[in-house]
Amino acid sequence: MTSPFHPHTLLVVAAILIQPDGSVLLAQRPEGKTFAGLWEFPGGKVEVPESPETALARELHEELGITVQPDRLEPFTFVSEDCATFHLLMTLYLVREWENDPVGREGQTLAWVPASRLDEYPMPKADAPLVPRIQALLG
Ligand SMILES: Nc1nc2c([nH]c(=O)n2[C@@H]2O[C@H](COP(=O)(O)OP(=O)(O)OP(=O)(O)O)[C@@H](O)[C@H]2O)c(=O)[nH]1
């Protein structure tokens, strides 16, 4: 049967963690990874047989040591971007509740950033449309 997806479409899930003061969490990709030094929203690839929500809960635990409830993740928006060797489809969720304080468990530097200052942090090209949407949401 023909897949409804392009064979090279990579499904990625990512979280916009929001503190009560409106700041959001960015993680800086460590040396040795593609896009090292750029800032991104924590998350990663969906693996078979995960749902996007369970994949994001797993990634947030692996990367940040936090626990989130998959059914409390709030769908926000997505980006669809041609990359060199694949097509990125990244769905983003708003996360306002989690257990434990986030720590960079994979060598990432973390930063809580007011929405108004997000454009000071260099991000992968696919993330550019997200900044004005988050600023519109959080003011
Ligand atoms: N988590 C996350 N990934 C992003 C963002 N923007 C963006 O282009 N990506 C891309 O989406 C993919 C995420 O998968 P990943 O985090 O598992 O990728 P990775 O390079 O760490 O791969 P690896 O875990 O296999 O080493 C990467 O190609 C990454 O560059 C973002 O804001 N957050």
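Modeller: Gladly. Two strands are said to pair if DSSP finds at least two bridges between them. Keep in mind that this is a predicted model. Here, valine 13 stands opposite glycine 44 in strand 4.

Colleague: In which sense do strand 1 and strand 4 pair, and over how many bridges?

Modeller: Strand 1, which covers residues 9–17, pairs with strand 4 in the antiparallel sense, and three bridges join them.

Colleague: What is the strand order of the open sheet?

Modeller: The four strands are arranged as 4-1-6-5, and the pairing is mixed. At the edges you find strand 4 (43–45) and strand 5 (74–82), each with pairing on one side only. Neighbouring strands of this sheet are turned against each other by 20° on average, direction ignored.

Colleague: And which strands does helix 1 touch?

Modeller: Helix 1, residues 52–64, packs on the sheet and touches strand 1, strand 4 and strand 6 (87–95). Its direction makes about 60° with that of strand 1.

Colleague: Let us turn to the ligand. Which residues come nearest to the ligand?

Modeller: For a shell like this, a residue counts as near if its C-beta atom, placed from the backbone, lies within 6 Å of the molecule. There are 15 residues around the ligand, and the nearest are Glu40, Gly43, Gly44, Pro124 and Ala126.

Colleague: Which strand gives the largest share of the shell around the ligand?

Modeller: That is strand 4, with three residues. Strand 1, strand 4 and strand 6 each supply at least two residues of the shell. Sorted by class, the shell has eight nonpolar, three polar and four charged residues.

Colleague: Now the whole chain, please. In what order do the elements run from the N terminus on?

Modeller: The protein has two helices and seven strands, and from the N terminus on they run β-β-β-β-α-β-β-β-α. The radius of gyration is 15 Å, close to the 14 Å that the globule rule gives for 139 residues, so the protein is as compact as a globular protein of that length. Along the principal axes, its C-alpha atoms fill a box of roughly 50 × 30 × 30 Å.

Colleague: What percentage of the residues count as buried?

Modeller: Of the 139 residues, 27% do.

Note on methods:
Residues are numbered from 1 along each chain as its sequence is written. This is a predicted model: local features need pLDDT of at least 70, side-chain atom pairs count only at pLDDT 80 or more; totals for chains, interfaces and linings use all residues. Axes are lines fitted to C-alpha atoms, for helices over the stretch in contact, and angles run from 0 to 180 degrees between N-to-C directions. Two residues are in contact if their C-beta atoms, placed from the backbone, lie within 7 Å. Ala, Val, Leu, Ile, Met, Phe, Trp, Tyr, Cys and Pro count as nonpolar, Asp, Glu, Lys and Arg as charged, and the others, Gly among them, as polar. The radius of gyration is taken over C-alpha atoms; the globule rule is 2.2 Å times the number of residues to the power 0.38. A residue is buried if 20 or more other C-beta atoms lie within 10 Å of its own, exposed if 12 or fewer, and partly exposed in between; C-beta atoms are placed from the backbone.
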